[in-house]
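Student: I would like to learn how to read a few features of a protein model, one at a time. Could we go through them together?

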Amino acid sequence: MLRMRQLLLILLVCICSTPVYAEITVAVVIEGLERKLEDNVRLFLSIEQQKDHALLSEGRLQRLHKKATQEIENALQPFGYYRPLIVAELSHPEQDFWQAKYVVDPGPALKIAAINFTISLQMQEDGAFSRLLREIPLRVGEVFNHLEYESFKSSLAKLASERGYFDARFSEHRVDIDLQSYSASIHLNFEGGPRYSFGEVELQQDVLNENFLRRFIPFEKGTPYTVNQLIELQHALNDSDYFRNAEVALGEITPGSLEVPVKVTLTPRRRNHNSFGLGYGTDTGARTKIGWEIPRVNPKGHRFDSEAKLSEIGHSLGLRYRVPVLNPRTDQLIYSAGLVNEETDTSESTIRTIGVSLKRSRGEWRESVSINYQEEDFIVGADRGNSVLLMPGINWTRTWGSDFIYAVDGLRFDIGFRGATTDLVSDTNFFQADGGIKAITSLGSRDRVIARGSLGAIETEQFENLPTSIRFFAGGAQSVRGYAYNSLGQLDSSGEVVGGRYLMVGSLEYEHSLDDTWGLALFYDAGNAIDDLADKLKVGAGFGLRWKSPIGPVRIDLASALSNRGQPWRLHINIGPDL
């Protein structure tokens, strides 16, 4: 019992001897400095960092205030200010409220008097270093900034590593600060050493022919090393869709060698891949899609994919067999076959096709050269029949921009030509040209303007024999809003829409983002499928709601058909990337 009393007494003494701190509020005021200098001073100031400390006492506050002048001087030196004038004042205007005020005149900035900078001759002849040296932030007569100096050193070391100068080092790197002359002298010598080259590339996989796979490698053995080509190789293998994962790493360099071996570890995708999707669009109604893909038919990298679609206006089935050619990253020979059935308010058609196309890159352009055999049963207005066409065609597409799903600034342009002749299988002569452009530009951080246009023309003396798939129609969520899908075109004698020889569509849209997910839009569309370029265009206008969904932008538009009697309204829903 006595021992228990002793313990309780000791505990009571400890509690009573613990100091009790009154809550102190401190305001730190800094005057006389531009924003970037003030921000750095606050990072250095202990009184700023500890002003909200739960155990801050008056004595501790006084000690922190005494340190502030030296801390401010230290904070200004990286920016070249070594002679600041500082007036420090700690006041206690109210109970438990303190103000620490520092009026700072940074004084004159210390200038660079001399720069002694050298790099190795091989680096001088390397264009990447030439570009970096043209942008060097250090100049004689300018203010010496420690941060810029260290950043430049880091840029040199980083670039050397990226371009294969693995033995590069600074044999000298110092700055002499002379406070008497109030100037800085920079001494920087960067020795690059030899530049390494690419060595053997080891491919660890067992699913594709190695000679085929090596066509993805963007460099030859002996080529000077750059990290960008290493990254390009990894992207090429990942984008090929043959592999679930591609790891590219540098191997061990043999002592005395200047070649860097590369080790590539590849994890193949599953042999079969299935996909399923559901959706809705006002042009098609409810729709579903089923896909089946074989990403590797054989060791030569051939592929097979198929897709079946079903919607309220029809169904389709497409089969494609793809053979990599030329550059396997971008170029394919595609054998295709398909069946498409579609029934709209203006037409009915069933199309059976078989064909072959070569899709390849020409610089920044994508080119597709094709020849397709097509049979089509069609009914459009009073015209009906069975069409047989053998159509060669060519198409070019180019897209500018970085984000094609939701583009802040971007441009897409495409143009194509196709035709048929009765001298070669077809039962109708025609030549068709069509193209489109879509441009997106930002107006500030939350607004953008979207403009698009389409033009097309058909040269033929047998328009009534042309099937539905060749004729031009307008109207719908991606054409002229306010009008039903493919409801605009030339009328026949009975008032039925039969399409047109020419297509003209234009649209201008203003979009404002409310936050990172939702936005509003205003738009004006004009266009039609016509037989004479002097014919009037149909006009639609309205407003819409935008949602940046995980699967791409969702556009919900309410548009008025301004050219129709009563100017009726129509709802349009569309999902898909901007470009």
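Student: Which residues is Ile556 in contact with, once its neighbours within four places in sequence are left aside?

Tutor: Please keep in mind that this is a predicted model. Leaving those neighbours aside, Ile556 is in contact with Phe543, Gly544, Leu545 and Arg546, and also with Leu571, His572 and Ile573. Ile556 itself lies in strand 26, which covers residues 552-561.

Student: Is Ile556 buried, partly exposed or exposed?

Tutor: Ile556 has a relative accessibility of 33%, and buried would require under 20% whereas exposed would require over 50%, so Ile556 counts as partly exposed.

Student: How are two packed helices described?

Tutor: Two packed helices are described by the angle between their axes and by the distance between those axes. In this model, the axes of helix 2 and helix 4 come within 8 Å and cross at roughly 130°, which makes helix 2 oblique to helix 4. The crossing of these two helices is right-handed. On the side of helix 2 the contact involves Leu37, Asn40, Val41 and Phe44, which meet Glu71, Ile72, Asn74, Ala75 and Leu76 in helix 4. Sorted by class, the residues of this contact are six nonpolar, two polar and one charged.

Student: At what angle do the axes of helix 6 and helix 7 cross?

Tutor: The axes of helix 6 (residues 127-134) and helix 7 (residues 146-162) cross at roughly 170° and come within 11 Å, and that angle is why helix 6 is roughly antiparallel to helix 7. Helix 6 contributes Ala128, Phe129, Leu132 and Leu133 to the contact, and helix 7 contributes Phe152, Ser155, Leu156, Leu159 and Ala160.

Student: How many residues does the largest nonpolar core have, and which of them have the most contacts inside it?

Tutor: The largest nonpolar core has 25 residues, and those with the most contacts inside it are Val41, Leu45, Ile47, Ile72, Leu76 and Tyr102. Strand 1 (25-31), helix 2 (35-44), helix 4 (58-76), strand 2 (85-94) and strand 3 (97-105) each supply at least two residues of this core, and its largest share, six residues, comes from helix 4. Apart from this core lies another, of 23 residues, among them Leu132, Tyr149, Phe170 and Tyr182.

Note on methods: Residues are numbered from 1 along each chain as its sequence is written. This is a predicted model: local features need pLDDT of at least 70, side-chain atom pairs count only at pLDDT 80 or more; totals for chains, interfaces and linings use all residues. Side-chain values use heavy atoms; hydrogens and water are left out. A nonpolar core is a set of buried Ala, Val, Leu, Ile, Met, Phe, Trp, Tyr and Cys residues joined through side-chain atoms within 4.5 Å. Buried means under 20% relative accessible area, exposed over 50%, partly exposed in between (1.4 Å probe, protein chains only). Helices (H or I, at least four residues) and strands (E, at least two) are DSSP runs, numbered from the N terminus. Axes are lines fitted to C-alpha atoms, for helices over the stretch in contact, and angles run from 0 to 180 degrees between N-to-C directions. Angles under 35 degrees count as roughly parallel, over 145 as roughly antiparallel, 65 to 115 as roughly perpendicular and the rest as oblique. A crossing is left-handed if the near helix is turned anticlockwise from the far one by less than a right angle, and right-handed if clockwise. Contact means heavy atoms within 4.5 Å. Ala, Val, Leu, Ile, Met, Phe, Trp, Tyr, Cys and Pro count as nonpolar, Asp, Glu, Lys and Arg as charged, and the others, Gly among them, as polar.
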